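Open the model in your viewer and keep the selection panel at hand.

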Amino acid sequence: MADYEENKQKNSFTLFSNETGKSYDLPVIKGTEGPDVLDIRKLYEETGMFTYDPGFTSTASCDSSITFIDGNKGVLRHRGYDIHELATNSEFLEVCYLLLHGDLPSPEDKNKFKEVIRNHTMLHEQLVYLYRGFRRDAHPMAIMVGVVGALSAFYHDSTDFSDIKQRMIACHRLIAKIPTIGAMAYKYSIGQPFVYPRNDLSYTENFLYMTFSVPTREFKISKKIVKAMDRFFILHADHEQNASTSTVRLAGSSGANPFACIAAGIASLWGPAHGGANEAVIKMLEEIGDVKNIPEFINKAKNKKDPFRLMGFGHRVYKNYDPRAIVMKESAHEVLEELNKLDDPLLKIAIELEKIALKDEFFIEKKLFPNVDFYSGIILKALGFPTSMFTVLFAIGRTVGWISQWKEMIEDPINKIGRPRQLYLGQKTRQFQSESTREKKSIFKWLWK
Ligand code: CMC
C-alpha cells in the first residue's frame, strides 16, 4: 500500500454524466501486476450513484499481496512464485508458511513452523461428543461446518485477534487441526474408531494415517501417494478472492472470530459451482459411463434449454487452461500408475471428454477449459476417498489460504466492515392492507402441498 496515494495522483479516469452534464475524475490505482482499478470510494458522495456488479465480475473487493492470477494467460502465483514450481519443488507446509508470512522460510523457520503446527494437531477431547451428535449418514462437509464453527467454543484463548500472538495461535491451530477434523468426519461416517494424530509423521502422511489406518493393522503408504496428496493440498492452498475466500473476508470484516469465519468459508466452498465441483465431476463421469456416450453429454452442455453443465469445465477467472489442472492431470497419471490403475475407465472417459470438448466450437468460443476439479476427483477416487470427502479435502488445502487472507485483512489499516449496496427493484411505499381486503385465494398453493 506504500505507493497507493502516489499512484492515485498520477492517474485518473473521467466519467461523464449525460444527465447532469458533469464530469467526475476517478483516481486509478495500479497494482504490481494485473488490471488497474478505478477507485470509486467517493463515487456515491460525489454523484449520488452506486455501481452495479452482481457476482463481482468487475469489482476488486480488496487489495491483496498473497496471490496473483492472470486468467487469460493461465498464470497463478503465490507471493510471486509460480504454482507449477511450488507444486513440483515445495511441500505443503512450506507453502502454508509462504502464504501466511510472505516469504519462503529459512531452514530454521521451516523447522520451527513445522514444530508449532505439530503441537496443535490434537482436538479437544470433548469435541468427540460433538461428532457423536451427528447422524452417521451426515455429509462430511456438514460436519466440517459444525465442528470448525465450534472451535471458538473450545479455544477462547485465541479469539482476541487484536493480539498478534493470539492471532497467530488461531492461524496455527486452524492449519494443524483441519486434517484431524476432516479425518474424523470420515471415520465417523464409516463407523470406524477415530485415529489420533501422530506427530512423528509429516503433515500429509499424518492426515492419510488418520484417515486410512485402523487399529488392527500396520499402516503403510507409498511415498508417491503422500507426495500426490501433498501436491493436491498445494494446488488448493489459495486462489485469491473466490466465493469462499470472499465469504471468509466478509464474515471477518465484522470482527467475527477466525474459527467462525473459516466455518463460513467451508459452507460457501460446499456449493457445486465452487468446491463441490470435484464431487460433481465424478458423478458426471460415472453417468457418462462410456466413451461412446460423450457426444450426447457434450450436446446437453451446449443446449441452452438444458441446465446441464460439463462439471470441471470453465472458470470465472481462467479463460485459458487452469494451471492447477495441468499439474493435476500429471498427478492423476502418476497416482494411477503407482496404484496399477492406469486402465481406470473414468480416466479414459475424462481424457476423451477433454479432447472432444477442447475441439468443440462452443467450448472454444466460450473459453471453457478444464479446471482444477476435472482431474482431482480421479486421483482422490483412486486413493480410496468416497466422493463425499472430496470437498473436505479441498477445504483442508484451502484453510491456509482463507486464514492468510483473513490475517491480511485484519492487519490492513483500511479494513472496514463489508457492506455492499443494492439496486432496489421492489415496491415503493404502500398502505398496509387489512386481511379482509386481501386476495381470498392462496397465491402459494404449491408451497403448502
Ligand atoms: N458447461 C457448459 N457451459 C458452460 C460451462 C460448463 N461447465 N461453464 C460456463 N458455461 C457457459 C454458460 O452457460 C454461459 O453461456 P452463455 O453465455 O451462453 O449464457 C457462459 O459459459 C458463461 O458462463 P457463466 O456461468 O456466466 O460463467 P461464470 O464465470 O459465472 O461461471 C463457473 C464460472 C465455474 C461457475 C462455470 O464455468 C461452471 O458452472 N462450471 C462448472 C462447475 C465447475 O467446474 N466449478 C469449479 C470451478 S473451479 C474450482 C473453484 O475454484 O472453485
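**Stop one: the sheet**

Select residues 75-78: this is strand β5, which pairs with β6 in the antiparallel sense over 2 bridges. Strands here are DSSP runs (E, at least two residues), numbered from the N terminus. Two of them pair if DSSP finds at least two bridges between them.

The model is predicted: local features need pLDDT of at least 70, side-chain atom pairs count only at pLDDT 80 or more, and totals for chains, interfaces and linings use all residues. Residues are numbered from 1 along each chain as its sequence is written, and side-chain values use heavy atoms, without hydrogens and water.

Now pick Arg 77. Opposite stands Asp 82, in β6.

Widen the view to the open sheet. Its 3 strands run in the order β4-β5-β6, with antiparallel pairing. β4 (67-70) and β6 (81-82) are at the edges with a single partner strand each, so one side of each has no neighbour in the sheet.

**Stop two: the ligand**

Next, show the polar contacts (N or O pairs within 3.5 Å). Which atom of the ligand does the polar side-chain atom of His 274 lie 2.5 Å from? An oxygen atom. Lys 366 also places a polar side-chain atom 2.9 Å from a ligand oxygen. At Phe 313, a backbone N or O atom lies 2.9 Å from a ligand nitrogen.

Finish with the surface. On its own the ligand has 940 Å² of accessible area, and the protein covers 75% of this (Shrake-Rupley method, 1.4 Å probe).

Key. A polar contact is a pair of N or O atoms within 3.5 Å; within protein, one must be able to donate a hydrogen and the other to accept it, and residues adjacent in sequence count only if both atoms are side-chain atoms. Helices (H or I, at least four residues) and strands (E, at least two) are DSSP runs, numbered from the N terminus.
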